[in-house]
Amino acid sequence: MRILFVCTGNTCRSFMAEQLMDKLVEDASDEDRLQKGDIKASSAGLFAVEGDEASEHAVKALKKLYGMDSDKHKAKQLDEEMVKDADLVLTMTDSQKHAIAETYDEYEDKVFTLKEFAIGPAGDEDESVDVDDPYGGDFDEYKECAEEIKALLDIVLSKLIDMNCKNFD
């Protein structure tokens with residue numbers, strides 16, 4: 001299964017989601033719940049500047065919280081080929097989901113917000129399906145964002161394993 005994570009600039013949230021999913025899949029593979037390569041994560045941004053480095057706070061948050069070295073990331077601009085090649089597209093906000101669904105309407109059935117895919121649509125209108133953007137915030141905001149993404153990805157991975165994600169390829 002190929003999962004594409006999408007945010008605005010591909011330097012914070014989608015980057016962290018890609019890195020965290022790779023780690024979760026690696027750990028699950030070590031526990032024999034998955035074969036290596038069953039799930040392949042990638043990321044892109046709706047308004048990414050090609051080649052931008054990941055946010056310093058995002059890299060530090062992943063290092064401090066999860067011991068991950070992830071400073072080699074280069075931002076990628078979302079394009080149709082990426083959406084077409086993905087089995088599942090997970091965005092960080094509802095507006096990003098709708099932008100992709102409108103631009104690439106033939107693929108809209110595989111586009112969800114991360115939170116929506118993990119825990120379902122919000123039960124009431126006061127609940128957001130968005131993962132807040134830490135861009136421009138302090139280190140603690142990035143840590144909170146990374147922790148939220150990790151918690152959601154734990155749920156997503158369990159769902160994918162239950163759905164036997166190997167059958168998506």
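Analyst: G67 sits in the loop that links α2 (56-66) to α3 (80-85). Helices (H or I, at least four residues) and strands (E, at least two) are DSSP runs, numbered from the N terminus. G67 has a relative accessible area of 53%, so it counts as exposed (over 50%; buried is under 20%, partly exposed in between; 1.4 Å probe, protein chains only). Between the C-alpha atoms of G67 and K110 lie 32 Å, and along the chain 43 residues.

This is a predicted model: local features need pLDDT of at least 70, side-chain atom pairs count only at pLDDT 80 or more, and totals for chains, interfaces and linings use all residues. Residues are numbered from 1 along each chain as its sequence is written, and side-chain values use heavy atoms, with hydrogens and water left out.

Now the sheet. It is open, with 4 strands in the order β2-β1-β3-β4 and parallel pairing. Its edges are β2 (40-45) and β4, each pairing on one side only. From one strand to the next, the twist averages 25°. Helix α4 (residues 94-103) packs on this sheet and touches β1, β3 and β4. Contact means heavy atoms within 4.5 Å. The direction of α4 makes about 170° with that of β4. Axes are lines fitted to C-alpha atoms, for helices over the stretch in contact; angles run from 0 to 180 degrees between N-to-C directions.

Strand β3 (residues 88-91) is covered on both faces. L88 and L90 are buried on one side, V89 and T91 on the other. In a regular strand, side chains alternate between the two faces of the sheet. Strand β1 (residues 2-7) runs parallel to β3, joined by 4 bridges. Here V89 of β3 is the bridge partner of L4. Strand β4 (residues 111-113) pairs with β3 in the parallel sense over 3 bridges. T91 has T113 of β4 as its bridge partner. Pairing requires at least two DSSP bridges between two strands.

Next, a helix pair. The axes of α1 (residues 13-30) and α6 (residues 139-162) come within 9 Å and cross at roughly 45°. That makes α1 oblique to α6, because angles under 35 degrees count as roughly parallel, over 145 as roughly antiparallel, 65 to 115 as roughly perpendicular and the rest as oblique. Contact residues include M16, L20 and L24 of α1, and I149, L153 and L157 of α6.
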